[in-house]
Amino acid sequence: MTILALETSCDETACAIVEDGWKVHANVIASSLDLHQVTGGVVPEVAARAQIESIIPVIAETMRKSEIRNLKSETVSNFDFQISNLSLIDAIAVTSEPGLVTSLLVGTETAKWLGYLWNKPVIMVNHVRGHVFANWLERDPQKDSIQFPVVCLSVSGGHNEIILLKNHQEWEIIGESQDDAAGEAFDKVARILELGYPGGPLIEQYAKLYTQMVPNIESDQMVRFPRAWLNSNHSNKWDGTTFDFSFSGLKSEVLREVQRRNRLNDTDRAEIAYAFQDAVCDVLVTKLIGAAKKYQAKEIHLAGGVSANQFLRMRVEEQSKTLGVKIRWPEKMVYCTDNAAMIGAAAYYEKPQE
Ligand code: KG4
Ligand code: ZN
């Protein structure tokens, strides 16, 4: 089954063609990031206007780039937006929620029109579920099939969950952020440190600088931020009661530390970036490993924009060594952040709407 998927939930306008939930024939992403760098964050109205401008060219480019014609017996000479032979595409998929409402509407309306014009079923996909299925992309199930149960930490700018997948259809959110998502906290802390937007990659870069400056980081780390374990007691170790998260207090701690120092130089920035990243990853990974143990997961997955973070990946690898579980993160960096291929993968396991 071959699906043409759309993703427009935030500032990316994305289209992809995915076969059987894993094989990516084309993956095109247009971002309005440059517009949001000026404002230091996404302005919904600006994002939606950019989506409207990009959506048709992005679909056309996806159709043009797709190598689908080489993989089926039919030969399509000019596989572009005008093609008459659309039999190669079985369904349209689109992100329906959650996200910025005006941006989502651009994708869902376009998908419905395409479905109507091309006489194809339209499959609505939850964005978080899409991120989870990014781990299926470019992994041939005949050679490397996913083993359930899977515990997935899906963490990005707009959402932050630990999800238990019992099989391809049954999933349960067992923990989520009560306030900021971790990616949002990365973005806000980067703004406090005057690093730019989006904050995640910049914080990671500065934190790495700090590890080069301080070789014995375990003993010589100067500032250390408190962890919000959300314990039922006041212990400073996680008591295992909840898989939920909270990152807004940590952001306030960073602000206090910055104000205490008056003027920041790059060494301060590197130190604070490291301490912040360390605190976020400590909580994320401790709870993820706790969930994997509790639910006897066969695999641990990382997904979402923050799963691009190398420090997070390293921590998960270190702390899961004794569990003997398979660790996966998306095959390519481009599948960590928002993309339509993940929506095409998730849609393969959904039922088309009547
Ligand atoms: O999945 P995504 O593209 O959009 C949402 O669904 O929100 O994730 C974007 C988020 C941003 O908050 C960005 O700062 C964060 O992912 N991010 C990172 C890294 N790369 C992107 N956070 C930490 N480390 C990174 N390397
Ligand atoms: Zn996302």
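Good morning. The structure holds 11 aromatic pairs, where rings of Phe, Tyr and Trp (for Trp, the six-membered ring) pair if their centres lie within 6.5 Å, and planes under 30 degrees apart count as stacked, over 60 as edge-to-face and the rest as tilted. This is a predicted model, in which local features need pLDDT of at least 70 and side-chain atom pairs count only at pLDDT 80 or more, while totals for chains, interfaces and linings use all residues. Residues are numbered from 1 along each chain as its sequence is written, chains are lettered from A and ligands numbered from 1 in the order in which they are written, and side-chain values use heavy atoms, with hydrogens and water left out.

One of the aromatic pairs joins tryptophan 113 and tyrosine 116 edge-to-face, at 5.7 Å centre to centre and 85° between the planes. Both residues belong to helix H4 (residues 101–118), three residues apart, about one turn of the helix. Helices (H or I, at least four residues) and strands (E, at least two) are DSSP runs, numbered from the N terminus.

I turn to the sheet. Five strands, in the order S8-S7-S6-S9-S10, make up an open sheet with mixed pairing; two strands pair if DSSP finds at least two bridges between them. Strand S8 (171–176) and strand S10 (326–328) are at the edges with a single partner strand each, so one side of each is left without a neighbour in the sheet. From one strand to the next, the twist averages 20°, with axes taken as lines fitted to C-alpha atoms and angles running from 0 to 180 degrees between N-to-C directions. Strand S6 (residues 150–155) pairs with strand S9 (residues 299–303) in the parallel sense over five bridges. Valine 150 is opposite glutamate 299 in S9.

Finally, the ligand. Ligand 1 is surrounded by 21 residues, the closest being Gly157, Gly158, Asp187, Glu204 and Asp338; a residue is near if one of its heavy atoms lies within 4 Å. By class, this shell has six nonpolar, 12 polar and three charged residues, with Ala, Val, Leu, Ile, Met, Phe, Trp, Tyr, Cys and Pro counted as nonpolar, Asp, Glu, Lys and Arg as charged, and the others, Gly among them, as polar. H7 gives the largest share of the shell, four residues.

An oxygen atom of ligand 1 is 3.2 Å from an N or O atom in the side chain of histidine 131. Another entry concerns glycine 158, where a polar backbone atom is 2.9 Å from an oxygen atom of ligand 1. Thank you.

Terms used: Polar contact = N/O pair within 3.5 Å; in protein donor to acceptor, adjacent residues only side chain to side chain.
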